[in-house]
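Me: I would like to learn how to read the features of a protein model, one at a time. Could you take me through this one, giving the general idea before each case?

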Amino acid sequence: MTTATLPKHYTDLCALMRTKGTLGSVAALVGWDQETYMPAGGAQARGEQSALLARLVHQHATDQKVGELIVKCEVDSELNNPESEHGANIREMRRDYDKATKLPSDLVANLAQAQSEAQDVWKSARANNDFESFVPALTKVMDLTKEKASCLKTDEHEELYDALLGEYEPGAKATEIAAVFEPLRDRLSAFIAELRDNGTAPRVDFLSREIPVEKQHAFGQEVTAAFGFDYSKGRLDTTTHPFCSGFGPGDTRMTTRYSLTNFPDAIGSTMHECGHGLYEQGIPKDGPFWGTPMTDSISLGIHESQSRMWENMVGRSKAFWTWALPLANKHFDGAFDDIDVETFTKAMNTATPSFIRVESDESTYNLHVMLRFELERAMLRNELAIKDLPEAWNAKFKDFLGLDVPNDATGCLQDVHWSFGLVGYFPTYSLGNLNAAQMWETINEQIPELNDQIARGEFGALLNWTREHIHQHGRRYTASEVIERATGKPLESDPLMRHLESRVRPAYGL
Ligand code: ZN
């Protein structure tokens, strides 16, 4: 079926999706501006602009006309073939529409109110290390979040957690995630303990050498351009909390942050956001279907797999630094001239338990995520009372990472997520690592010369693989289907463990 012969109920539906998508891209643009260039004085007006746009997007997403057209498309058997791209598009439009229309407006308003209150309380609770003061606000948000999960449930036997998870990782199940996480958790904990007891930590002192910010920026741009990021269709700007926004056809914005004495953090976050950016640029957004699910990313876990692959699998490898270290020295006036590639790569692969998730390394990061996954699932199942959260947090922290948490501010109060009612979000970070590691093994089997290519600064074959197996499909397949189609097997924890051991063991002389 060519576009010209598509039935009117489908092309009308796609036109409505285009309007919604375009409004969403305007909302993303003002959001990007707020985080990059907006003067502080614009905050209040920007709040009004963003709220208006969010209301308009919601109106379009829940428009009755959309619901009627979806029904017409669903009963059109010639169009609605589940094997076809259009069939998948209709299936996903139905999913979005049901999700947007399922929540009673009272609940949405109450949750928004409770979230905004809880965030304020959380800020002062964290500053004063006072968990008790946060208990009533968090309890309210969690109760409303459970109510939301009950509304979103697709069948009565579904675990509440899955209904929330589905917002970020459609089709994923908590039981399946636990089955991958649990063996990984135990092996990672043992691995970290082994490094601590028997390994010799690599030298890292040179990583904090002072590098002027504008030189770091120029280096980051050259690296990401070599990765394949198209700067005629995107930008790299500076912000406090780096993110990437794929506004729409031909416009993808990456952001990063710089510190004078922490160059690895900056280049790591630039490569990370570039992975997100390459995914956004690889989704076919041009043409009549912009705004429909076929021009959107699959899930957070798949999006994160793209960022983690470029940041970690590529960006911490010896092959990469064989090419990038001389380039860095060129940009940085020889700042690392006295450091060889071997020593530099080892420093990029440390694994040291620490208290704060966002500051943790590639290996220990997953333990921070698994701890949160287990605790939030227990809270949702009423197996853990909010007031007992600190005790449960600290016990798991000791168990997983071997450290005694000194206070709640560096413990269970460190993340903003739960005050937002963001439950089911954390696991997508580790799913990203797991997906990336499994893809990485397959890619290396299918492109045996990949290491040599990377050492020469050639990334085209790698990018093409991700374009072919991940990016081009939009939301045609679920995340687990994509992984299985791309790698020939369902998601496993072994590839991530093999990847970490192959990088970190040599760094610790094991
Ligand atoms: Zn990310």
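This is a predicted model: local features need pLDDT of at least 70, side-chain atom pairs count only at pLDDT 80 or more; totals for chains, interfaces and linings use all residues.

Me: At what angle do the axes of α10 and α11 cross?

Reply: The axes of helix α10 (residues 263–282) and helix α11 (residues 300–314) cross at roughly 135° and come within 7 Å. The crossing of α10 past α11 is right-handed.

Me: Which residues of α10 and α11 meet?

Reply: From α10 come Gly268, Met271, His272, Gly275, His276, Leu278, Tyr279 and Glu280, and they meet Ile302, His303, Glu304, Gln306, Ser307, Arg308, Trp310 and Glu311 in α11. The residues of this contact divide into five nonpolar, seven polar and four charged.

**A sheet and its strands**

Me: How should I read a sheet, and in what order do the strands stand here?

Reply: Strands of a sheet pair through backbone hydrogen bonds, and the pairing may be parallel or antiparallel. In this model three strands form an open sheet with mixed pairing, in the order β1-β3-β2. The edges are taken by β1 (234–238) and β2 (244–248), each of which has a single partner strand, so one side of each is left without a neighbour in the sheet. On average, and ignoring direction, neighbouring strands of this sheet are turned by 20° against each other.

Me: Do β1 and β3 run parallel or antiparallel, and how many bridges join them?

Reply: β1 and strand β3 (residues 251–256) run parallel and are joined by five bridges. To follow the pairing by eye, look for aspartate 237, which stands opposite threonine 255 in β3, and then for threonine 238, whose bridge partner in β3 is threonine 256.

Me: And how do β2 and β3 run, parallel or antiparallel?

Reply: β2 and β3 run antiparallel, with four bridges joining them, and serine 245 stands opposite arginine 253 in β3. These two strands make a hairpin with two residues between them, in which glycine 250 takes a positive phi near 75°.

Me: Is threonine 252 buried or exposed?

Reply: A residue is called buried when its relative accessible area is under 20%, and threonine 252, with 2%, is buried. Threonine 252 is found in strand β3, where five of the six residues are buried, so that β3 is largely enclosed by the rest of the structure. Leaving out residues up to four places away in sequence, threonine 252 touches a list of residues that includes Phe229, Lys233, Cys244, Gly277 and Glu280.

Me: Where is glycine 291 found, and what does it touch?

Reply: Glycine 291 is found in the loop between α10 and α11, and at a relative accessible area of 18% it is buried. Not counting residues up to four places away in sequence, glycine 291 touches Met17, Arg18 and Gly21. Glycine 291 and glycine 248 are 43 residues apart in sequence, and from C-alpha to C-alpha they are 8.3 Å apart in space.

**Positive phi**

Me: Is asparagine 382 buried or exposed, and what is its phi?

Reply: Asparagine 382 is exposed, with a relative accessible area of 60%, and its phi is near 60°, a positive value in a residue other than glycine. Its place is in the loop between α14 (362–380) and α15 (389–401).

Methods. Residues are numbered from 1 along each chain as its sequence is written. Side-chain values use heavy atoms; hydrogens and water are left out. Axes are lines fitted to C-alpha atoms, for helices over the stretch in contact, and angles run from 0 to 180 degrees between N-to-C directions. A crossing is left-handed if the near helix is turned anticlockwise from the far one by less than a right angle, and right-handed if clockwise. Contact means heavy atoms within 4.5 Å. Ala, Val, Leu, Ile, Met, Phe, Trp, Tyr, Cys and Pro count as nonpolar, Asp, Glu, Lys and Arg as charged, and the others, Gly among them, as polar. Buried means under 20% relative accessible area, exposed over 50%, partly exposed in between (1.4 Å probe, protein chains only). Two strands pair if DSSP finds at least two bridges between them.
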